[in-house]
Amino acid sequence: MSATAYQGATAEAIRHHYDVSNDFYALWLDSSLTYTCALWAEPGAGQEAAPDDLETAQARKLDHLIEGARAAGARRVLDVGCGWGSLLKRLTQVHGVQHAVGLTLSDSQADLAESARISGAEIRVENWRDHRPAEPYDAIISIGAFEHFARTGLTRGERVAAYREFFERCYEWLPARGRVALQTNIKGNNTVMDKATVRELMFIIETIFPESEIPALSEVVESGEKLFDVVSLRNDPDHYSRTCAEWLRRLQENREAAVRLSGEENVVNYENYLGASVRHFQNRHLGLSRIILEKGR
């Protein structure tokens with residue numbers, strides 16, 4: 001099959017979701033506009049965890065992936081799916097990265113990230129498939145973008161081929177022992193679904209994230225075989241359930257403003273999508289993987 005058949009969601013499909021309105025997302029995301037699963041504090045042995053908030057949990061997530069990729073203090077780091085620039089800021093302003101390149105397909109995200117004038121950061125509206133770096137990278141991080149790398153309707157073999165193309169590019173761009181830190185939704189192991197669950201999942205696929213396909217964990221691991229070793233892997237569906245619940249709470253607290261910015265229909269769609277996501281992560285129809293991979297020699 002030709003390479004074009006393996007392409008993921010189109011730029012138009014990405015913009016359908018992420019270009020709704022920067023101000024709309026700012027109503028219910030944390031102050032850094034991080035639109036991916038947070039990493040919440042967990043109770044220590046025999047004691048309760050300290051109180052946690054969304055801003056702290058999102059910063060903890062970014063630090064976890066930066067440390068896993070060994071990106072702190074690096075000269076060049078690539079952020080695939082940079083969103084509104086929260087990881088780029090964390091890399092350059094907290095972890096001493098000299099030059100961080102962020103790729104997005106959303107014009108709205110790029111405009112806002114560029115307006116922040118992040119010193120040491122370069123934002124490109126560009127698909128990773130079209131990216132041709134002038135120099136290699138010391139580390140690569142991708143958070144919440146992998147779900148868009150294969151379109152809905154492909155066979156397992158076609159999806160693995162699409163994902164492998166991404167890992168092949170990462171292999172080319174990294175030195176020996178260079179690392180990729182990847183965070184992605186995955187299919188859950190609970191396959192017992194009632195009709196309401198199926199309808200909700202189809203609604204998310206068709207209305208919220210068109211053309212995108214959530215991978216199985218085995219597909220992610222298989223597509224990187226003989227290119228990268230898995231250094232660490234954690235599955236945090238409860239963390240994403242909690243994150244979506246917090247986003248939903250914030251959206252509903254700011255509902256009037258949200259309707260003014262994006263319309264009643266859009267707000268209802270997002271309330272349904274976030275509420276369904278809370279349940280589907282709780283019930284293990286969906287999972288959330290954070291994976292650290294290391295290139296061989």
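# Contacts, sheet and aromatic pairs in a predicted model

Of the contacts in the chain with a separation of 6 or more, 78% are made by residues 24 or more positions apart. The model described here is a predicted one, and 55% of the 297 residues of its chain count as buried. The chain has 11 helices and seven strands. Its radius of gyration is 18 Å, close to the 19 Å given by the globule rule for 297 residues, so the chain is as compact as a globular protein of that length. The C-alpha trace spans about 50 × 45 × 45 Å along the principal axes of the chain.

## The sheet

Seven strands make up an open sheet of mixed pairing, in the order E3-E2-E1-E4-E5-E7-E6. The edges are formed by E3 and by strand E6 (228–235), each of which pairs on one side only. When direction is ignored, neighbouring strands of this sheet are turned against each other by 20° on average. In general, strands of a sheet pair through backbone hydrogen bonds, in either a parallel or an antiparallel sense. Two of the pairings are set out below.

| Strand pair | Sense | Bridges |
|---|---|---|
| E1 (residues 76–80) and E2 | parallel | five |
| E5 (residues 179–187) and E7 (residues 286–295) | antiparallel | nine |

Strand E2, which covers residues 99–104, is mostly covered, with five of its six residues buried.

Which residues is Thr184 in contact with, leaving aside its neighbours within four places in sequence? They are Phe146, Glu147, Pro215, Gly287, Leu288 and Ser289.

## Helix H5

In helix H5, which runs over residues 107–115, the buried residues include Ser108, Gln109, Ala110 and Ala113. Just after H5, the backbone at Arg117 takes a positive phi of about 50°.

## Aromatic pairs and a charge over a ring

A search of the whole structure finds 25 aromatic pairs. One of these joins Trp128 and Phe166, whose ring centres are 5.3 Å apart and whose planes meet at 75°, so the pair is edge-to-face. Trp128 lies in the loop between strand E3 (121–125) and strand E4 (139–143), while Phe166 belongs to helix H6 (residues 156–173), so the pair ties together parts that are 38 residues apart in sequence. Both Trp128 and Phe166 are buried.

Elsewhere in the chain, one aromatic cluster is formed by Phe24, Tyr25, Trp28, Tyr35, Trp84, Tyr240, Trp247, Tyr270, Tyr273 and Phe281. A charged side chain also meets an aromatic ring: Lys295 lies over the face of Tyr171, at 4.3 Å from the ring centre.

Notes. Residues numbered from 1 in each chain as written. Predicted model: local features only at pLDDT ≥ 70, side-chain atom pairs only at ≥ 80, totals over all residues. Heavy atoms only, no water. Phe/Tyr/Trp six-rings, centres within 6.5 Å; stacked < 30°, edge-to-face > 60°. Helix = DSSP H or I, 4+ residues; strand = E, 2+ residues; numbered from the N terminus. Buried < 20%, exposed > 50% of the residue type's maximum accessible area, 1.4 Å probe, protein only. Lys NZ or Arg CZ within 6 Å of the ring centre and 35° of its normal. Pairing = 2+ DSSP bridges. Axes fitted to C-alpha atoms, helices over the stretch in contact; angles between N-to-C directions. Rg over C-alpha atoms; globule rule 2.2 N^0.38 Å. Contact = heavy atoms within 4.5 Å.
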